[in-house]
Amino acid sequence: MSTIPSLSENSPHILVLGMGGTIAGLAASPNENPLQYEAGQVEVDALLAHVRSAIPTGIALATRQLANINSRNLSESLLTRLGEEIRKELANPLVRGVVVTHGTDAIEETGIFLQLVCGRYAQDLGKRVILTGAMLPANAPQADGPSNLLDAIRWASTPVDNCPGGIYAVMDGRGCMAMDLSKRHTTALNAPIAASPSSSVGLINPSWLSGVKALEAAWQEDLPIPKGDEWPWVEILTSHSGARSETISHWLDTRVQGLVLAGSGMGGFHDEWLKPLAGAAKRGIALVRTSRTGAGLTLPNIPEKDLDGCLASGKLSAPRARIALQLALNAEKQAKLAGKSLTWQDFFARIAVLPEVG
Ligand code: SIN
């Protein structure tokens with residue numbers, strides 16, 4: 001672990017974990033073409049050195065570079081490392097909170113992953129984990145990374161009476177639950193957070209805060225973190241006009257363990273899929289239904305009765321439903337090893353009913 005000069009990891013501090021992303025990106029011609037750049041080029045220490053003079057006195061920082069990647073290349077084994085690292089650091093009495101600098105392309109997957117594997121733990125310890133990133137590279141004239149990073153550091157260090165411990169995210173002056181992130185714009189500075197119920201980081205909105213408390217009351221037990229090479233294989237398939245049965249039947253002779261079906265509208269899928277999906281369910285492939293619309297709930301037996309064993313995803317988008325299904329399948333496996341007869345459906349159902357915040 002490295003520390004920002006003059007600050008020490010031997011006293012209470014906020015840990016900043018670097019994962020890469022545009023926040024750590026560099027453009028070759030930042031003035032002419034800031035959107036043509038390479039993500040994950042600048043180390044987290046350098047990002048902090050840039051904002052050091054604006055960090056309120058009394059906030060000590062330490063850093064760790066876990067990765068420096070474009071988040072579209074995020075791997076399951078890296079998620080495992082991140083989850084284990086955060087659990088370990090939360091347990092350290094000297095760590096007051098954790099900030100994660102992350103690429104925004106896959107930040108929604110990391111957001112739900114952390115909520116499901118250490119949301120309860122962070123809440124019980126009264127510590128905040130805050131994900132942040134940027135839409136413009138570090139050397140762009142209007143780079144948004146520095147202000148996002150400062151907001152995240154300030155929020156991670158404010159007392160828990162203002163907002164409970166848990167897993168949050170900050171972008172463009174607004175904060176939300178990390179599990180609500182969903183990037184729904186290619187370039188807007190608020191892209192990952194605009195579609196999520198959020199609150200100004202400067203002045204937390206009481207109705208959002210009561211939603212946070214309802215969510216935290218509903219999330220009673222974290223799920224186990226899969227070992228790096230033991231993540232269940234789950235794919236996302238999108239229904240569309242002209243969909244073919246082969247899109248599903250192709251998977252029947254593979255070792256795929258789950259399919260997330262991004263349906264149209266309220267999460268219905270093309271009739272061509274019905275027969276092969278029944279075959280998939282018979283082979284024990286876990287099925288979850290969500291909507292490709294990008295907003296709203298996918299509810300059980302709406303618009304039609306569900307296929308036997310297929311669960312609706314609630315508020316989860318397809319990428320989030322995929323992580324949730326992987327964790328639910330892993331939790332079923334761990335429960336079996338412990339002699340308990342809980343199924344992936346039991347675990348997934350706990351996630352799908354989590355209330356909307358805000
Ligand atoms: C990435 O996700 O690593 C690149 C894009 C971004 O951070 O906005």
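Predicted model: local features only at pLDDT ≥ 70, side-chain atom pairs only at ≥ 80, totals over all residues.
1. Domain layout. The chain falls into two parts, domain 1 (13-218) and domain 2 (234-352). Taken over C-alpha atoms, the centres of domain 1 and domain 2 are 29 Å apart. Domain 1 brings 13 residues to the contact and domain 2 brings 12 residues.

2. Interface area. The size of an interface is often expressed as the accessible area lost when the parts come together. Between domain 1 and domain 2 the buried area is about 1,100 Å². Carbon and sulfur atoms give 63% of that area. On the domain 1 side, Glu109, Ile112 and Leu116 together supply 36% of the area buried against domain 2, more than any other three residues.

3. Polar links across the interface. Between domain 1 and domain 2 there are 6 residue pairs in polar contact, counting pairs with both residues at pLDDT 80 or more. The rule for salt bridges finds 3 across this interface. In the model, glutamate 76 and arginine 322 form a salt bridge through their side chains, at 2.8 Å from N to O.

4. Which elements of domain 1 face domain 2? Helix 2 (76-91) and helix 3 (107-125) are the elements that give two or more residues to the side of domain 1 touching domain 2. Helix 3 gives the largest share of that side, with 6 residues. By residue class, the side of domain 1 that touches domain 2 has 7 nonpolar, 1 polar and 5 charged residues.

5. The residues around the ligand are Gly21, Thr22, Tyr37, Ile69, Asn70, Ser71, Gly103, Thr104, Asp105, Ala134 and Lys183. For threonine 22, a side-chain N or O atom lies 2.9 Å from an oxygen atom of the ligand. For threonine 104, the corresponding distance from a side-chain N or O atom to a ligand oxygen atom is 2.5 Å.

6. Two backbone features to check by eye. Most residues other than glycine have a negative phi, and most peptide bonds are trans. The peptide bond from isoleucine 302 to proline 303 is cis, and its omega is near 5°. Proline 303 sits in the loop between strand 13 (286-291) and strand 14 (310-312). Aspartate 172, although not a glycine, has a positive phi of about 50°. Aspartate 172 is found in the loop between strand 8 (166-171) and strand 9 (174-177).

7. Salt bridges overall. How many salt bridges does the rule find? The count comes to 15 salt bridges.

Definitions and conventions:
Residues numbered from 1 in each chain as written. Heavy atoms only, no water. Domains from an automatic or database assignment. Contact = heavy atoms within 4.5 Å. Buried area = accessible area lost by both parts, 1.4 Å probe. Salt bridge = Lys/Arg side-chain N within 4 Å of Asp/Glu carboxyl O. Polar contact = N/O pair within 3.5 Å; in protein donor to acceptor, adjacent residues only side chain to side chain. Helix = DSSP H or I, 4+ residues; strand = E, 2+ residues; numbered from the N terminus. Nonpolar A, V, L, I, M, F, W, Y, C, P; charged D, E, K, R; others polar. Near = heavy atom within 4 Å.
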